[in-house]
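Here is a short briefing for a first look at this chain. Keep the sequence and the 3D view side by side as you read.

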Amino acid sequence: MPATASNLATTMPASQPPPVSLFMSTLDAARVLCMSDRSVRNLVARGHLHAFRPCIGGRKFLLYSSEVMAYARTAQKPAHDAAMANVQRLRALIG
């Protein structure tokens with residue numbers, strides 16, 4: 001019996017999210033961290049994130065996805081706290 005769309009829909013598993021890659025480019029990391037590519041490279045230069053060059057002599061960096069995500073979680077809390085402090089100051093000024 002040839003496969004039809006209805007046959008495939010019943011036999012295929014539910015759609016799964018795509019697997020998370022082990023590595024990401026500096027541009028992808030910049031999108032996750034809401035900053036520029038240059039800022040991500042500066043974080044690497046300062047030792048806040050680890051990266052490596054996949055090709056000898058290449059210019060491209062790859063970062064560990066898990067490390068970028070962990071950095072994003074820790075970096076968001078101070079930013080959120082500072083934003084909330086600004087909101088409270090504005091509310092106090094407005095009255």
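Strand 2 and strand 3 (residues 62–64) run antiparallel and are joined by 2 bridges. Two strands pair if DSSP finds at least two bridges between them. The model is predicted: local features need pLDDT of at least 70, side-chain atom pairs count only at pLDDT 80 or more, and totals for chains, interfaces and linings use all residues. Residues are numbered from 1 along each chain as its sequence is written, and side-chain values use heavy atoms, with hydrogens and water left out.

**Overall layout**

- The chain has 4 helices and 3 strands. Both are DSSP runs numbered from the N terminus: helices are H or I with at least four residues, strands are E with at least two.
- Along the sequence, the pattern reads α-β-α-α-β-β-α.
- Of the 95 residues in the chain, 17% are buried. Buried means under 20% relative accessible area, exposed means over 50%, and partly exposed lies in between (1.4 Å probe, protein chains only).
- The chain's accessible surface comes to about 7,500 Å². Carbon and sulfur atoms hold 63% of that surface. The areas come from the Shrake-Rupley method with a 1.4 Å probe, and for residues only the protein chains shown count as cover.
- Take the contacts in the chain with a separation of 6 or more: 41% of them come from residues 24 or more positions apart. Contact means heavy atoms within 4.5 Å.

- The 3 strands form an open sheet in the order 1-3-2, with antiparallel pairing.
- Strand 1 (23–25) and strand 2 (51–52) are the edge strands, and each pairs on one side only.
- Ala-51 has Leu-63 in strand 3 as its bridge partner.
- Helix 2 lies across strand 1 and strand 3. Helix 2 runs at about 90° to strand 1.

**Helix 2 against helix 3**

- Two packed helices are described by the angle between their axes and the distance between the axes.
- Helix 2 (residues 26–33) packs on helix 3 (residues 37–46) at an angle of about 100°, and their axes are 8 Å apart. Axes are lines fitted to C-alpha atoms, for helices over the stretch in contact, and angles run from 0 to 180 degrees between N-to-C directions.
- Helix 2 and helix 3 are therefore roughly perpendicular to each other. Roughly perpendicular covers 65 to 115 degrees; under 35 counts as roughly parallel, over 145 as roughly antiparallel, and the rest as oblique.
- On the helix 2 side, the contact involves Thr-26, Leu-27, Ala-29, Ala-30 and Leu-33. On the helix 3 side, Asp-37, Val-40, Arg-41 and Leu-43 meet them.
- By class, this contact of helix 2 with helix 3 has 6 nonpolar, 1 polar and 2 charged residues. Ala, Val, Leu, Ile, Met, Phe, Trp, Tyr, Cys and Pro count as nonpolar, Asp, Glu, Lys and Arg as charged, and the others, Gly among them, as polar.

**Two buried residues**

- Leu-33 lies in helix 2. Leu-33 is buried, with a relative accessible area of 12%.
- Leaving aside neighbours within four places in sequence, Leu-33 contacts Val-40, Leu-43, Leu-49, Val-68, Tyr-71 and Ala-72.
- Leu-33 and Ala-75 are 42 residues apart along the chain, yet their C-alpha atoms are separated by 8.4 Å.
- Ser-65 belongs to helix 4 (residues 65–94). Ser-65 is buried, at 5% relative accessible area.
- Not counting residues up to four places away in sequence, Ser-65 touches Ser-21, Leu-22, Phe-23 and Met-24.

**Loop residues**

- Cys-34 sits in the loop between helix 2 and helix 3. Cys-34 is exposed, with a relative accessible area of 72%. Its phi is positive, about 55°, although Cys-34 is not a glycine.
- His-50 is in the loop between helix 3 and strand 2. At 48% relative accessibility, His-50 is partly exposed.
- Beyond residues up to four places away in sequence, His-50 touches Leu-62, Leu-63, Tyr-64 and Glu-67.
- Arg-53 is in the loop between strand 2 and strand 3. Arg-53 is partly exposed, with a relative accessible area of 42%.
- Arg-53 touches Gly-58, Arg-59, Lys-60 and Phe-61, not counting residues up to four places away in sequence.
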